[in-house]
Amino acid sequence: MKMVKSTLAVFTTAAVLGVSSFAQAGATLDAVQKKGFVQCGISDGLPGFSYADDKGNYLGLDVDVCRAVAAALFGDATKVKYSPLTAKERFTALQSGEVDMLSRNTTWTSSRDAGLGLNFAGVNYYDGQGFLVNKKLGVSSAKELDGATVCIQAGTTTELNLSDYFRANNLKFTPITYDTSDESAKSLESGRCDVLTSDQSQLYAQRIKLGAPDEYVVLPEVISKEPLGPVVRQGDDEWFNIVRWSLYAMVNAEELGVTSANVEEKSKTTANPDVARLLGGEGEYGKDLKLPSDWAVQIVKQVGNYGESFERNVGAGSELKIERGLNALWNQGGLQYAPPVR
């Protein structure tokens, strides 16, 4: 999801004046090590990405990034505490130090990188804004939505993208704004609006929450680029590197055929130098990150590689059943690509 321009201006001062004093080199890593857990900002309930199950356990593609960081740092993926945040709350929570990192379906943009004092550590899901409608509306394309009433979540630039798209196609719309994604989905279900617009991943997640999900369809148009990924404060490269390489370890593991089932065996027996470097059998790459030599082993063993996490949470093994698409590995027609460990 995406931040509105007016809110950016308010937060920019906080980023410049407040964050610089908090995030001195090593400050976050030292604080996390001292307290013994990672405080991770997640969504306020998005199936497949970050949500609590019936037992109160947090699950999802974004949650797995938090767990990977904890596994790398502590050798224990459970050493995470979660802060569910709305779109409006998330950046303030990170800037103020309330959370150590965000892993909350957050779009990487220039204004957030440069204007909010934040650093995106990578992309764990390539997304784009789309439209969810009730089939009885009788439309098969967003270009048939002239005059529609559209549900939008507050604290995002969804409306800006929507306005640009409708203006370019000479269409009119009436927006209705809600604070949470659940509120906007309920409004669609009640018929207060004709269409719900958001990142397509969120639309698929919201659809399964509806009383009759099969009555709703995601239209084919994708009207924006939404690279989603984990976020940290600027000014603490040690922490930034750990979060970034925890994600990259999962992607590299999938590419190298390292899974949660075989990682321990491969860490002891592999003849592949790339695998050996990733799993700590060759070189001192963990030391470079101020992590144990088996940091990547612990990530893959406890969380899985990127493909395992994707399939379990949002792919074929989940209720969402989202195809890999752009999130396939680079050598399988997608965009997921991680620099090598060496």
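User: What makes the link of Cys-40 and Cys-66 left-handed?

Analyst: The angle about its S-S bond is -50°, and the link is left-handed. This value, like the others here, comes from a predicted model.

User: How do you know that a disulfide joins Cys-40 to Cys-66?

Analyst: A disulfide requires two cysteine sulfur atoms within 2.5 Å. The S to S distance for Cys-40 and Cys-66 is 2.1 Å, so the pair meets the cut-off. The bond links distant parts of the chain: Cys-40 belongs to strand E1 (residues 38-43), Cys-66 to helix H3, and 26 residues separate them.

User: Why are Cys-40 and Cys-66 called buried?

Analyst: Buried means under 20% relative accessible area. Cys-40 has 0% relative accessibility and therefore counts as buried. Cys-66 also stands at 0%, so the label applies to Cys-66 as well.

User: How many disulfides does the structure hold, and what is the pairing?

Analyst: There are 2 disulfides. With the bonded cysteines numbered in sequence order, the pairing is 1-2, 3-4.

User: What is the S to S distance between Cys-151 and Cys-193, and where do these residues lie?

Analyst: The sulfur atoms are 2.0 Å apart, and the two residues are joined by a disulfide. Cys-151 sits in strand E9 (residues 148-153), whereas Cys-193 is in the loop between helix H7 (181-190) and strand E11 (195-199), 42 residues away. The angle about this S-S bond is -105°, again a left-handed link.

User: Why do Cys-151 and Cys-193 count as buried?

Analyst: The cut-off for buried is under 20%. Cys-151 has 0% relative accessibility, so Cys-151 counts as buried. Cys-193 has a relative accessible area of 4% and is therefore buried too.

User: How do you know that the span of helix H3 agrees with its number of residues?

Analyst: H3 covers residues 61-74, which is 14 residues; at 1.5 Å a residue they should span 20 Å. The end C-alpha atoms are 20 Å apart, so the two values agree.

User: What makes H3 mostly covered, and what follows the helix?

Analyst: Of its 14 residues, 12 are buried. Among them are Leu-61, Asp-62, Asp-64, Cys-66 and Leu-73. After H3 comes Gly-75, with a positive phi near 70°.

User: Why is Arg-104 called buried, and what lies around its side chain?

Analyst: The relative accessible area of Arg-104 is 2%, so this residue is buried. Arg-104 is in the loop between strand E5 (101-102) and helix H5 (110-115). A polar atom of its side chain lies 2.6 Å from the backbone oxygen of Leu-85.

User: What makes strand E10 (173-178) and strand E12 (216-218) edge strands?

Analyst: The open sheet has 5 strands in the order E10-E9-E11-E8-E12, with mixed pairing. E10 and E12 each pair on one side only, and they are the edge strands. On average, neighbouring strands are turned by 30° against each other, direction ignored.

Terms used:
Residues numbered from 1 in each chain as written. Predicted model: local features only at pLDDT ≥ 70, side-chain atom pairs only at ≥ 80, totals over all residues. Heavy atoms only, no water. Helix = DSSP H or I, 4+ residues; strand = E, 2+ residues; numbered from the N terminus. Expected span 1.5 Å × (residues − 1). Buried < 20%, exposed > 50% of the residue type's maximum accessible area, 1.4 Å probe, protein only. Polar contact = N/O pair within 3.5 Å; in protein donor to acceptor, adjacent residues only side chain to side chain. Pairing = 2+ DSSP bridges. Axes fitted to C-alpha atoms, helices over the stretch in contact; angles between N-to-C directions.
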